[in-house]
Every structure is written in structure tokens, then in C-alpha cells.
Amino acid sequence: MGDRLKPCWRWNNCVCSEEGAAPIHGIEPFAVQGDPEIVFARLKVLVAAMERTRVVDETDEYLHAVCRTLLRFGDDLEFRLCPTEGVIHVRSQARIGVFDHHVNRQRVEALRRQLASA
């Protein structure tokens, strides 16, 4: 993991909040209200509790999980905490297929709502 999340491929199966993402892939980062480390820790708990989801890499400022779809396909879900910007950047991408029927966008927005209400 470097200073940025991986860019989305050219297909419509990915969302990413990092600057430079194509408009079709763009999504807002998670705004951090309060202590960034506490907010990121809450996000980690929410992700770990998701159905069919396994955390595969985790540091103080990075989280990578693999989410299995109902058909058992793997989607990569990544977060990068940027305390100086007051945001958590996010990337969610299907590993297979060129169109994900907005599953990745819906997953990210559901997590955003959960984090806001946690």
C-alpha cells in the first residue's frame, strides 16, 4: 500500500474517491467528524462485521477487505485514512466482469450511512 489507492480499471465495475478517478468511477470520500483514528477504528469494525467479508490487510491508516457476492465472486474494498485532509478515501472494485450493476457504489454508500449513525 502506497500513498494512494489503486486506480480503477476502465470498466464500470469500480468506485474510487481519490483525485483523478474518471467521472464514472467517482465517489465522495468519507468525511471524518471527530478524532480520525477513532472514526477509522469504527469503520474497521463495521467492515469486519459485513456478511461474506474477510479483512486481508490492515494498518493504522489502511484497510483492505474482500467481499464475496451472493454468487461468490470477490470484490476488493479498500480504505485509506487521510487525517490531514479529514477524510477516509475509499475504493471498491469487482474482480470479475465489466459492469457490477452498481453493487460497489451501493456497498460504499451503505457503509457511509452506517458510519454516520455509529
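Glutamate 51 has its place in the loop between α1 and β3, where helices (H or I, at least four residues) and strands (E, at least two) are DSSP runs, numbered from the N terminus. This glutamate is exposed, with a relative accessible area of 64%; here buried means under 20% relative accessible area, exposed means over 50%, and partly exposed lies in between (1.4 Å probe, protein chains only). The model described here is a predicted one, in which local features need pLDDT of at least 70 and side-chain atom pairs count only at pLDDT 80 or more, while totals for chains, interfaces and linings use all residues. Residues are numbered from 1 along each chain as its sequence is written, and side-chain values use heavy atoms, with hydrogens and water left out.

The side chain of glutamate 51 is joined to the side chain of arginine 52 by a polar contact of 3.5 Å, a polar contact being a pair of N or O atoms within 3.5 Å, of which, within protein, one must be able to donate a hydrogen and the other to accept it, and residues adjacent in sequence count only if both atoms are side-chain atoms. Glutamate 51 and alanine 41, which are 10 residues apart in sequence, are 18 Å apart in space, C-alpha to C-alpha. Arginine 52 lies in the loop between α1 (36-48) and β3 (53-58) and is partly exposed, with a relative accessible area of 36%. Although arginine 52 is not a glycine, it has a positive phi of about 55 degrees.

Strand β5 (residues 74-82) contains arginine 80, and aspartate 76 is also found in strand β5. Aspartate 76 is buried, with a relative accessible area of 12%, and its side chain is joined to that of histidine 64 by a polar contact of 2.8 Å. When residues up to four places away in sequence are not counted, aspartate 76 touches His64, Ala65, Val66, Arg91, Ser92, Gln93 and Arg95, where contact means heavy atoms within 4.5 Å. Aspartate 76 and threonine 53, 23 residues apart in sequence, are 9.7 Å apart in space from C-alpha to C-alpha. Arginine 80 is buried, with a relative accessible area of 12%, and a polar atom of its side chain lies 3.0 Å from the backbone oxygen of aspartate 3.

Arginine 107 belongs to helix α2 (residues 103-117), and this residue is buried, with a relative accessible area of 12%. The side chain of arginine 107 makes a polar contact of 3.1 Å with the side chain of serine 92. Apart from residues up to four places away in sequence, arginine 107 touches Met50, Cys67, Asp75, Leu77 and Ser92.

Histidine 25 lies in the loop between β1 (14-16) and β2 (30-31), and it is buried, with a relative accessible area of 4%. Leaving aside residues up to four places away in sequence, histidine 25 touches Cys8, Trp9, Arg10, Trp11, Asn12, Cys14, Val15, Cys16 and Arg105. Between histidine 25 and tryptophan 11, which stand 14 residues apart along the chain, the C-alpha atoms are separated by 8.9 Å.

For the protein as a whole, two helices and six strands are present, and from the N terminus on these elements run β-β-α-β-β-β-β-α. The radius of gyration of the protein is 13 Å, which agrees with the value near 13 Å that a compact globule with 118 residues would have; this radius is taken over C-alpha atoms, and the globule rule is 2.2 Å times the number of residues to the power 0.38. The C-alpha trace spans about 40 × 30 × 25 Å along its principal axes. Of the 118 residues in the protein, 44% are buried, and among contacts between residues at least 6 apart in sequence, 47% join residues at least 24 apart.

The accessible surface of the protein comes to about 6800 Å², of which 55% belongs to carbon and sulfur atoms; accessible areas come from the Shrake-Rupley method with a 1.4 Å probe, and for residues only the protein chains shown count as cover. The mean positions of the 16 positive and 17 negative charges are 8 Å apart, with Lys and Arg counted as positive, Asp and Glu counted as negative, and His and the chain ends not counted. The place of each charge is taken as NZ of Lys, CZ of Arg, CG of Asp or CD of Glu.
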